[in-house]
Amino acid sequence: MRTRSKGLAALLALLGVTAFLSPAEATSASPPPPAPERIEVKRLPLPPTAPSNESGSCTRVVNPRGTGCVAAGWSSGLRTGGFLPGGRLVTANVTFVGAPAAPDPASVYSGSQLIAVRTDGKTFPNGDAWKCLTCGIPPENRQGMNADISYPQPFADGRRVLWGTNVLDCGPHRLASPDCTPARLRVYPIRWNTSADGSGAGTTIRELRLHPDQVHLGFNATTVTAGRFDQYGYFARLAFDPSPDTGTPRAPRYDLEKVTRLFDATTTEQPVHVDPEAPSRLVFDASVPSVGELRGFSKDGREVFYVGFPAESSNMDLMAADLRTGRVRRVTADPGYTDPVDSSPDDRWIVALDTRGSDRMTFLSGMTGVPPITDLLSTSAVSSVRNNGDRRFFQPYLIDREGDRGRYRGQRLNYANTSPDWNAGADPRWSPDGTAVAYHERLVSAPSCGGANPLPCPASREPGGRRTRLMLAELVDRDPVRTRPVKPVSDRVRWGTPYVPGSAVPERAYPPQGTYTLRGKASGGAKADIVWDEARTGVQTVSLRYTRYSDDGRTFLDGTESVTRVSHSSTLTTLDWYSDLVKTGRSGQVLATKKTGADGFHLTIDLWETVFRATGTLTTTVGGRTYTQPANGT
C-alpha cells in the first residue's frame with residue numbers, strides 16, 4: 001500500500017506500533033510490513049449524561065429536547081454496534097436513566113436501548129446527533145424478546161439489526177428514516193431448539209455474529225462436563241417463523257436451522273493427541289481446527305475467526321479456519337491476548353482489540369516457541385488474566401492480512417491516547433467503505449481501582465463524568481473500497497458435526513494418562529507426563545522436560561515445566577505452576593528464560609469475574625527485558 005520508511009523504528013515508537021521480536025520471526029519470508037499511516041481519532045456524540053440514576057433526574061435543563069440521558073458508570077451499557085449502510089451512522093447500545101415517569105413523552109428514554117449515531121457531524125431533524133431506535137416499542141411488538149441485546153450488527157438491507165439474541169426489524173422502512181417509528185418496529189427472538197420433540201425455550205446462546213451472506217450466523221454455547229466449563233462454536237441458518245407451533249415463545253421468531261457444531265467428535269486427533277502409529281509419542285498439530293469461542297467471519301464469508309487451542313504455550317491468539325476446507329490460519333502472534341476482531345470490507349486488514357503494549361500477559365506468554373502442552377489444562381485460566389474485573393487492557397490495533405511478523409505488530413489506532421486507564425471494549429467495527437473504524441472505550445473504575453486496590457481511580461473528563469465514550473478512528477489517507485454482496489454459503493461445514501436436537505454434548509479428547517515423548521520439528525524433544533484426576537474426569541497435571549527442543553532449528557528449549565489444575569467450581573480454578581525454562585540460540589546465547597520462585601506460582605481466578613489473585617512468582621525474561629506478574633487485584 002505504501003513504501004516502508006527508512007526511519008521505521010522511530011516512527012513505530014511514535015505511532016504506538018509494538019515491536020516484540022523473536023529470533024525465529026526475524027527471519028520470516030513473509031512480505032515486508034506496511035508503513036504506519038495517519039489516523040485521526042474523534043469522539044462521537046452521545047446523549048447527555050444523567051446527574052444520577054434517580055427517576056426524573058434527566059430534566060429539560062440537562063437535555064432541552066427531552067430525548068433522554070445516559071448512565072455515567074463503567075457498566076453503563078455502552079457497546080459499539082456496526083454501521084448502517086452508507087457509513088454515516090453507527091449503532092450503539094446505551095442505558096438511559098433518569099427519565100421522568102409516564103405519561104411524560106420522555107419516559108420512553110429508559111433502560112437499555114439501541115441508538116444510531118451520526119459520524120459526519122450532522123444531526124437528525126430534531127437537532128440531535130443521535131436517534132434512539134428502540135425507545136417506545138410497544139410490548140405487543142416485542143413478544144418473547146430475549147434479554148441479551150449485545151453486539152448490535154445491522155443487516156445490509158438497513159432495515160434489520162442482529163441485536164444480541166434478537167432481530168430488530170422495521171419492515172420495509174430503513175431504520176434511520178423518519179418512517180421507522182417505534183410502532184412499526186418489531187423485535188423477534190432467536191431460538192435454538194435443543195430438545196428432540198421441539199418443546200421448551202431452547203438453549204441459551206451467546207456471542208452471536210452475523211455471517212456476511214445475511215442468512216447464516218455463528219454463535220457459542222457453554223457447557224459443564226464433569227464439573228468443568230467448556231464452550232463450543234456453532235454455525236447455523238436463520239429462518240423466520242411467523243407462527244411457530246412448537247417450543248416457546250409461541251410468537252413470531254427466528255429459528256436456528258441446519259446447525260453445525262464446529263468440532264469433529266469422530267476423531268481423537270485434536271491439536272494435542274497421541275500418534276496413532278506410535279502410542280508413546282505425543283503430537284501437536286496446529287492445523288487442526290479447535291474453536292473455543294467463535295468471534296466472527298471474514299467479509300468474503302469464507303473464514304470463521306475464533307479463539308481456541310493456542311499455537312504457542314499460554315499465547316492466546318486469534319485464529320481463522322476456512323468454512324469449506326477447515327484450513328487453519330494463525331491471524332495474530334503477539335504474546336498479548338486478543339479476541340474482539342473485525343475484518344476490513346476487502347479482507348486485507350483486521351482491527352483487533354489486544355492487550356499487546358500493556359505487557360499484561362507477557363510474564364506467561366513472552367517466551368515464544370514453547371509447544372502448548374501444559375495448555376491442555378491451563379488455557380481457560382490463562383485467558384482470564386486478560387482482564388481484572390472492571391478493568392480492561394485492550395487497545396485497538398490495525399494489522400494487515402499477513403499478520404504479526406518480525407518487528408511488525410500492527411499499528412495502534414489510538415496511538416495519541418497515552419493513558420493506560422482508557423481501554424477498548426468489544427467489538428470494533430469497520431465502516432462499509434473501509435476508511436474508518438468505530439469502537440468504544442471504558443475508564444477503569446472501582447472496585448478495580450481505589451479503596452483497598454493499589455491502583456488509584458482516575459477522574460473522568462467526559463461530559464457529566466461519564467466513564468465510557470464512543471470513538472471513531474478515521475484512516476485519512478485511504479481510498480474507499482467497494483465490495484460485492486456475498487452469495488449464501490453452504491449450510492454444511494464438512495469439518496464440523498451436524499447438530500441433532502436432544503443429542504449429548506461431546507467431550508473433547510485428551511491424551512490418556514501416561515508418559516510420552518514429544519519430538520521437535522527440527523531437533524531435540526521433550527518427555528511429557530500426563531496425569532488425570534482420581535475420578536478420570538480430566539487432565540490434572542502436565543509435566544515436561546525439554547532437551548534441545550527446536551521447531552525451527554534456530555532456537556533451542558531446555559528445562560522443565562509443570563502445571564497442576566485444581567477446580568473449585570466449573571469456573572473457579574487454581575493453577576499450581578513450576579517453571580524453569582531456558583531458550584538459547586545456535587551459539588548458545590540465552591534468548592529467554594521463564595522461571596518460577598522456589599515455591600512456584602499459584603494462580604486462582606474465576607473465568608467470569610477475572611480478578612487476578614496469585615501467590616509466588618512467575619518471571620519471564622526476553623532479550624534482557626524482564627516481565628513479572630501483576631499485583632493482586634490490578
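1. The open sheet to look at has 4 strands in the order β20-β21-β22-β23, with antiparallel pairing; strands here are DSSP runs of E of at least two residues, numbered from the N terminus, and two strands pair if DSSP finds at least two bridges between them. At the edges stand β20 (338–343) and β23 (411–412), each with a single partner strand, so one side of each is left without a neighbour in the sheet.

2. Within this sheet, β21 and β22 pair in the antiparallel sense over 6 bridges, and Ala 352 stands opposite Tyr 397 in β22.

3. A word on the source is needed: this is a predicted model, in which local features need pLDDT of at least 70 and side-chain atom pairs count only at pLDDT 80 or more, while totals for chains, interfaces and linings use all residues. Residues are numbered from 1 along each chain as its sequence is written, and side-chain values use heavy atoms, with hydrogens and water left out.

4. The count of disulfides, each a pair of cysteine sulfur atoms within 2.5 Å, comes to 4. With the bonded cysteines numbered in sequence order, the pairing is 1-2, 3-4, 5-6, 7-8.

5. One of these disulfides is formed by Cys 58 and Cys 69, whose sulfur atoms are 2.0 Å apart, and with 70 degrees about the S-S bond the link is right-handed. Both Cys 58 and Cys 69 lie in the loop between β1 (39–43) and β2 (79–83), so the pair ties together parts that are 11 residues apart in sequence. Cys 58 and Cys 69 are buried, a word that stands for under 20% relative accessible area with a 1.4 Å probe and protein chains only.

6. Another disulfide joins Cys 132 to Cys 135, with 2.1 Å from S to S, and this link is right-handed too, with 85 degrees about the S-S bond. Cys 132 is buried at a relative accessible area of 13%, and Cys 135 is buried at 5%.

7. Cys 170 and Cys 180 are also joined by a disulfide, with 2.2 Å from S to S; the torsion about the S-S bond is about 125 degrees, so the disulfide is right-handed. Cys 170 and Cys 180 both lie in the loop between β8 (166–169) and β9 (186–191), 10 residues apart. Cys 170 is buried, with a relative accessible area of 1%, and Cys 180 counts as buried at 6% relative accessibility.

How values were computed: Buried < 20%, exposed > 50% of the residue type's maximum accessible area, 1.4 Å probe, protein only.
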